[in-house]
Amino acid sequence: MTYGICKLSAIALRKEARHGSEMVSQLLYNELYTVLDKTQEWVLIQTDLVRYQGWIQAKQLYEISEEEYKDLKAKKVFLTNKPIVEYNGQFLSMGTPLYEPQLNAMEMLSEFHPELMVDYAKMLLGAPYLWGGRTVMGIDCSGFVQVCARLAGLVLPRDASQQVKEGELVYFLQETQPGDLAFFGDEDGVITHVGIIMGNEQIIHSSGQVRIDYLDQTGIFNKERNEHTHRLQVVKRMS
């Protein structure tokens with residue numbers, strides 16, 4: 001087995017082994033992975049945290065030994081808790097793991113605190129939308145939820161279609177609490193979007209940018225456009 005660690009601020013994970021392929025996610029600095037396959041120019045990897053797969057460029061591969069991998073796995077993890085943190089000459093986005101205490105980093109929580117997820121989400125207001133993104137420089141809806149949840153003590157899968165399988169159903173909007181996740185989809189019920197409920201009929205989500213909109217039984221209502229932009233499918237409470 002070959003192990004690796006991300007040594008850049010962020011590395012694109014692509015769906016296929018070619019430059020024009022869709023970016024499905026990003027590796028953040030210090031995130032661990034295993035190598036599943038290789039070509040001359042590309043490496044298929046699986047992330048350690050949520051077992052998400054994608055292709056990275058071979059020149060971005062940074063191999064570590066099994067001993068180093070196990071040593072890092074045994075260490076405490078500290079997550080950067082500001083939108084951008086400077087560390088060893090690099091600028092790291094919020095939620096990046098470090099293996100030693102640092103200013104602007106907090107030890108990863110062992111229990112989920114939904115109110116913290118809302119607090120961290122608000123710190124990313126205005127961050128631009130980027131398909132597959134997980135950083136303040138560009139982030140998609142499920143990457144946004146995943147990063148904020150991890151800072152609040154909850155490890156979620158990468159994609160909204162996977163995240164919706166977690167937690168317990170909340171049947172009525174009036175029963176929702178800050179930190180519940182609302183999922184949205186098309187007419188066939190396919191999940192295509194996710195956001196974090198804030199309370200007071202508001203939701204924070206990444207659509208164009210990280211923004212706050214209104215939530216009702218129909219879905220997300222954008223006052224600027226005076227229309228519903230996403231159709232509500234289900235609300236889940238994480239634990």
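Reply: Arg18 and Glu16 join their side chains in a salt bridge, with 2.7 Å from N to O; the term stands for a side-chain nitrogen of Lys or Arg within 4 Å of a carboxyl oxygen of Asp or Glu. This is a predicted model, in which local features need pLDDT of at least 70 and side-chain atom pairs count only at pLDDT 80 or more, while totals for chains, interfaces and linings use all residues. Residues are numbered from 1 along each chain as its sequence is written, and side-chain values use heavy atoms, with hydrogens and water left out.

Arg18 counts as partly exposed at 43% relative accessibility, and Glu16 counts as partly exposed at 36%, where buried means under 20% relative accessible area, exposed over 50%, and partly exposed in between (1.4 Å probe, protein chains only). The structure holds twelve salt bridges, and another one of them links the side chains of Glu66 and Lys70 at 3.2 Å, N to O. These two residues, Glu66 and Lys70, are four apart in helix α1 (residues 66–74), so about one helical turn separates them; helices (H or I, at least four residues) and strands (E, at least two) are DSSP runs, numbered from the N terminus. Glu66 has 42% relative accessibility and is therefore partly exposed.

A salt bridge also pairs Arg231 with Glu187, whose closest N and O atoms are 3.8 Å apart. Because Arg231 lies in strand β21 (residues 227–237) and Glu187 in the loop between β16 (181–185) and β17 (191–199), the pair ties together parts that are 44 residues apart in sequence. Arg231 counts as partly exposed at 44% relative accessibility, whereas Glu187 is exposed, with a relative accessible area of 70%.

A network of salt bridges links Glu31, Arg134 and Arg150. Leaving aside residues up to four places away in sequence, Arg134 touches several others, including Ser25, Leu28, Ser93, Ile139 and Arg158, where contact means heavy atoms within 4.5 Å.

The side chain of Glu100 makes polar contacts with the side chain of Tyr87 at 2.9 Å and with that of Gln102 at 3.2 Å. Not counting residues up to four places away in sequence, Glu100 touches Phe78 and Tyr87.

Turning to the cysteines, the structure holds zero disulfides, a disulfide being a pair of cysteine sulfur atoms within 2.5 Å. Cys6 is in no disulfide, and the nearest cysteine sulfur, that of Cys148, is 19 Å away. The sulfur of Cys148 is in turn 12 Å from the closest cysteine sulfur, in Cys141, which is too far for a bond. Cys6 counts as buried at 0% relative accessibility, and Cys148 counts as buried at 0%.

Definitions and conventions:
Polar contact = N/O pair within 3.5 Å; in protein donor to acceptor, adjacent residues only side chain to side chain.
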